[in-house]
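Please read it alongside the sequence and the coordinates.

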Amino acid sequence: MDISLFFIDLIKFTLAGLFVFFTAFFVLKNHFDSYYNLKSLEYKSLVAKDVLPLKLQAYERMTLFVERINPANMMLRLHQPGMSATEIQALILAEVKAEYQHNITQQLYISAEAWNIIKRVKDDTIVLVNGAISAISQDATAVDLSKHLFAKLSQLEENPYDLAITVLRNDLSEL
């Protein structure tokens, strides 16, 4: 009978030990989980505090990029009296590519949709300028190219540069 008492005592102590172990485990687990969640929240707020200004700056720079590659603005900024259409075309294409390369790292801070719009506006600008140069005569002036560019832009239902800025503004409002 001593063996049966021994096993009963063993079962009682084992169950009591398991109860104490699981109680301590769940209490400590809850404590560590709440501590981890608090530290995670602190980290996220710290990152948000540091990243938010970078995101705002990226949206600013992308807005400036769209404005700078708008043919209307480029023609005013780059035109020199007596320039030929091919000279200003080369200057415009170089300017668009340089602006894009200068701002390419900003894709880290803006949404994928906004970045795709930025790339599309850049590509469409290049296509627009190349299409306009092929539609005018070889001896055309920069003024002739600008007239043709403005005519093509006015034929569009919506200005792609305004649409790109609208997308950037909408993205920014969601931050």
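**Helix packing and a salt-bridge network**

At 26% relative accessibility, Arg 68 counts as partly exposed; buried means under 20% relative accessible area, exposed over 50%, and partly exposed in between (1.4 Å probe, protein chains only). The model is predicted: local features need pLDDT of at least 70, side-chain atom pairs count only at pLDDT 80 or more, and totals for chains, interfaces and linings use all residues. Residues are numbered from 1 along each chain as its sequence is written, and side-chain values use heavy atoms, with hydrogens and water left out.

**Salt bridges**

- The count comes to eight salt bridges, each defined as a side-chain nitrogen of Lys or Arg within 4 Å of a carboxyl oxygen of Asp or Glu.
- Glu 99 and Arg 68 pair through their side chains at 2.6 Å, N to O. Glu 99 lies in helix α3 and Arg 68 in helix α1, so this pair ties together parts that are 31 residues apart in sequence. Helices are DSSP runs (H or I, at least four residues), numbered from the N terminus.
- Glu 99 is buried, at 12% relative accessibility.
- Arg 68 also forms a salt bridge with Glu 95 (3.2 Å, N to O). Glu 95 is in α3 and Arg 68 in α1, so the parts joined are 27 residues apart in sequence.
- Glu 95 has a relative accessible area of 18% and is buried.
- Glu 95 forms a salt bridge with Arg 77 too, with the closest N and O atoms 3.3 Å apart. Here α3 is tied to α2, since Glu 95 lies in helix α3 and Arg 77 in helix α2, 18 residues apart in sequence.
- Arg 77 is partly exposed at 32%.
- Through shared partners, Arg 68, Arg 77, Glu 95 and Glu 99 are joined into one network.

**Helix α1 against helix α6**

- The axes of α1 (residues 2-69) and α6 (residues 160-173) come within 10 Å and cross at roughly 175°. Axes are lines fitted to C-alpha atoms over the stretch in contact, with angles from 0 to 180 degrees between N-to-C directions.
- That crossing makes α1 roughly antiparallel to α6 (angles over 145 degrees).
- Residues of α1 including Leu 56, Tyr 59 and Val 66 meet residues of α6, among them Ala 164, Ile 165 and Leu 168; contact means heavy atoms within 4.5 Å.

**Helix α2**

- Pro 71, Met 74, Met 75 and Leu 78 are buried in α2 (residues 71-78).
- These residues lie on the same side of α2, because they cover an arc of only 100° around the axis, taken from the directions from the helix axis to the C-beta atoms.
- The buried residues of α2 pack against α1, α3 (85-103), α4 (112-135), α5 (142-155) and α6.

Notes
Helix = DSSP H or I, 4+ residues; strand = E, 2+ residues; numbered from the N terminus. Parallel < 35°, antiparallel > 145°, perpendicular 65-115°, else oblique.
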